[in-house]
Amino acid sequence: MITVANRIFVHPEYHDQFEARFQDRAGLVDGMEGFIANQVLRPTAEGDPFVVLTFWRSREDFEAWTRSDAFRQGHSRSGSLPKEAFDGPNKLEVHDVVQVTGEVKAQEK
């Protein structure tokens, strides 16, 4: 299993709009082969990034997603916030999962 963390620096005045994009997302990734889960993590300290964290069965499954029509379609709406909403480029990190303990379940607001 791998995780993919996309760290996105968003100016505080755009936090609500950024979060709304994910609440209204297309959800196409949910049906992709090897997709396990998606989490959007809000920063609690000023200046820290949002983290969009996805869990995948394998790196190959993640890469297949990034090459898919569903990926292009799902990300076609990502330009809905103005450039000034972001404080620099995002940073993508891929990690191999070496240990999992416990269980995390999503709790809706």
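Helices (H or I, at least four residues) and strands (E, at least two) are taken as DSSP runs and numbered from the N terminus. On this basis, the predicted chain contains 3 helices and 4 strands, which follow one another along the sequence in the pattern β-α-β-β-α-α-β. The structure is a predicted model, in which local features need pLDDT of at least 70 and side-chain atom pairs count only at pLDDT 80 or more, whereas totals for chains, interfaces and linings use all residues. Residues are numbered from 1 along each chain as its sequence is written, and side-chain values use heavy atoms, with hydrogens and water left out.

The mean pLDDT of the chain is 88, and 91% of the residues reach 70 or more. Confidence is highest in strand β1 (residues 2-8), with a mean of 97, and lowest in helix α3 (residues 69-75), with a mean of 82. Where pLDDT is low, the predicted coordinates should not be read in detail.

The overall dimensions were examined next. The radius of gyration is taken over C-alpha atoms, and the globule rule is 2.2 Å times the number of residues to the power 0.38. For 109 residues, a compact globule would have a radius of gyration near 13 Å, and the 14 Å of the chain agrees with this. Along the principal axes, the C-alpha atoms fill a box of roughly 35 × 35 × 25 Å. With contact defined as heavy atoms within 4.5 Å, residues 24 or more positions apart account for 74% of the contacts in the chain with a separation of 6 or more.

Accessible areas come from the Shrake-Rupley method with a 1.4 Å probe, and for residues only the protein chains shown count as cover. The chain exposes about 7700 Å², of which carbon and sulfur atoms supply 49%. Residues are classed as buried under 20% relative accessible area, exposed over 50%, and partly exposed in between (1.4 Å probe, protein chains only). Of the 109 residues, 29% count as buried. For charge, Lys and Arg count as positive and Asp and Glu as negative, while His and the chain ends are not counted; each charge is placed at NZ of Lys, CZ of Arg, CG of Asp or CD of Glu. There are 13 positive and 18 negative side chains, and the centres of the two sets lie 3 Å apart.

Individual residues illustrate these classes. V29, in the loop between α1 (15-23) and β2 (35-41), is buried, with a relative accessible area of 9%. Apart from neighbours within four places in sequence, V29 is in contact with F35, W56 and W65. The C-alpha atoms of V29 and E60, 31 residues apart along the chain, are separated by 14 Å.

W65 is also touched by F71, which contacts T66 as well when residues up to four places away in sequence are not counted. F71 belongs to helix α3 and is partly exposed, at a relative accessible area of 23%. From C-alpha to C-alpha, F71 and D48 are 26 Å apart in space and 23 residues apart in sequence.

F86 occupies the loop between α3 and β4 and is partly exposed, with a relative accessible area of 24%. Beyond neighbours within four places in sequence, the contacts of F86 are I8, F9, V10, H11, F18, R21 and L81. V100, in the segment after β4 (91-96), counts as exposed at 55% relative accessibility.

Key:
pLDDT is the predictor's confidence in each residue, from 0 to 100.
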